Amino acid sequence: MSKTIQAADLRQRVASIIRAAGSSEAEANTVAANLVMANLSGHDSHGVGMVPRYIDAVLEKGLTPNASVRTVVDLGTLLTLDGQRGYGQVIGEQAMRLGIERAKQHGNCIVALGNSHHLGRIGHWAEMAVSQGLVAMHFVNVLSRPVVAPWAGGDGRFGTNPCCIGIPVQGREPFLLDFATSRVAQGKMRVAHNEGKEVPTGYLIDEFGRPTTNPGVVVVPQSNGLFGALMTFGEHKGYGMAVACELLGGALTGSGTWHRAPDAKRAVINGMLTVLIDPKRLGTQESFSQEAQAFVDWVKQSPAAPGFEGVMVAGDPERKARVARERDGVVVDDTTWAEIGGAARKVGMKE
Ligand SMILES: NC(=O)c1ccc[n+]([C@@H]2O[C@H](COP(=O)([O-])OP(=O)(O)OC[C@H]3O[C@@H](n4cnc5c(N)ncnc54)[C@H](O)[C@@H]3O)[C@@H](O)[C@H]2O)c1
């Protein structure tokens, strides 16, 4: 079962809960807008379903309302920032604003952001940069529970470590590649579990390291009290990407890496290394514009394979989803809606 809610109503509902948990009006609105945008973009795993988790994290003091980024090092085109466990929706925006300003000034900027609470859909940050004409690359690690198994391993050793690349293409929609290095995002397993669905083989191993199609193995503790794990995409290559995200997003930023036993805390800490480039400053602007546009057109002209409508580039599915969901509303499953109601009650709301 599910209900369909218009984006504006959903934003209002989420903002009121975040405010009741101690956030300023502005922060609550920013968090709500960001989460609903993830739903609109087709990524329910990173949308309003995260609210109960955020509220638990606030109550456990793993997430600090009304925090701001602190600049640790400023070398002009190199910024090291501490997110101070603030809402990632706010910390991410502040970090990106600083980086974008520097990249426009100097032609490039590297931003090492540590210790932010969950940064949500990483594509959101690339979209901020791309809308200003910049190329953006993001490498992110996730400290919450080691839910992804290394290639040839039998249990979870790191998070879903997303990687994102945004490239503006003149005269066309931007290329926006944004993916978890796990075969699927953990949040999608939560959604599948809430909806009582099985997932295809090759996504998961159970608590004994055996292949399974039950998404519950990474959502609720299993018979022996342990969890199963997600597998990486692309076998050993995706595994390599995941480790790169851990080393760049976790170690290089100062945010920290996985090498400890998981605890039961609900906070999700992201470290993110961002590389920003202003294509106008490389001296290749003209050929970049022409070549990028010609290439995207060329790729899309490939004849549709059987069963497909045609070729898309990364970013197209999210843009399509936004048009449909802005018009028709966002579908929220009953379990998620009930959990959001539970979060509201935890912060003293009467419904
Ligand atoms: N903050 C965190 O800790 C965290 C952790 C993991 C994932 N995430 C986020 O979760 C979200 C979902 O990740 P995912 O791996 O499930 O994404 P996904 O598998 O749905 O999509 C990945 C990418 O593939 C592109 N794509 C999808 N279908 C396509 C097609 N047919 N043709 C061309 N391109 C196509 C999309 O535009 C997107 O860029 C991402 O936004 C990611 O940033 C965040």
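The following legends describe close-up views of a predicted model.

Residues are numbered from 1 along each chain as its sequence is written, and side-chain values use heavy atoms, with hydrogens and water left out. Because the model is predicted, local features need pLDDT of at least 70 and side-chain atom pairs count only at pLDDT 80 or more, whereas totals for chains, interfaces and linings use all residues.

**View 1. The shell of residues around the ligand.** The ligand is surrounded by 23 residues, of which the closest are Asp178, Ala180, Lys188, Gly315 and Glu318; a residue is near a molecule or strand if one of its heavy atoms lies within 4 Å of it. Strand β7 (175-179) and helix α9 (316-328) each contribute at least two residues to this shell, and β7 gives the largest share, 4 residues. Helices (H or I, at least four residues) and strands (E, at least two) are DSSP runs, numbered from the N terminus.

View 2. An oxygen atom of the ligand lies 2.7 Å from an N or O atom in the side chain of Lys188. The protein buries 79% of the 870 Å² that the ligand exposes when taken alone. Accessible areas come from the Shrake-Rupley method with a 1.4 Å probe; for residues, only the protein chains shown count as cover.

**View 3. Asp333, a buried acidic residue in strand β12.** Asp333 belongs to strand β12 (residues 330-333). Asp333 is buried and has no salt bridge, the nearest side chain of opposite charge being that of Arg190, 6.4 Å away. Buried means under 20% relative accessible area, exposed over 50%, and partly exposed in between (1.4 Å probe, protein chains only). A salt bridge is a side-chain nitrogen of Lys or Arg within 4 Å of a carboxyl oxygen of Asp or Glu; Lys and Arg count as positive and Asp and Glu as negative, while His and the chain ends are not counted. The Asp333 side chain does reach the backbone nitrogen of Thr335, at 3.1 Å. Apart from neighbours within four places in sequence, Asp333 is in contact (heavy atoms within 4.5 Å) with Met1, Ser2, Asn194 and Glu195.

View 4. Asp278 counts as buried because its relative accessibility is 7%. A polar atom of the Asp278 side chain lies 3.0 Å from the backbone nitrogen of Lys280. Beyond neighbours within four places in sequence, Asp278 contacts Ala103, Lys104, Gly107, Gly133 and Leu134.

View 5. Helix α3 (residues 51-59) has 7 of its 9 residues buried, so the helix is largely enclosed by the rest of the structure. The buried residues are Val51, Pro52, Tyr54, Ile55, Asp56, Ala57 and Val58. Their cover includes α1 (7-20), α2 (25-40), α4 (88-106), β4 (108-117) and α10 (334-346). Just after α3, Lys61 takes a positive phi of about 65°, although Lys61 is not a glycine. Lys61 is located in the loop between α3 and β2 (70-74) and counts as exposed because its relative accessibility is 71%.

**View 6. Glu235 in helix α7.** Glu235 is part of helix α7 (residues 235-252). Its phi is near 50°, a positive value in a residue other than glycine. Glu235 counts as partly exposed because its relative accessibility is 48%.

Conventions
Polar contact = N/O pair within 3.5 Å; in protein donor to acceptor, adjacent residues only side chain to side chain.
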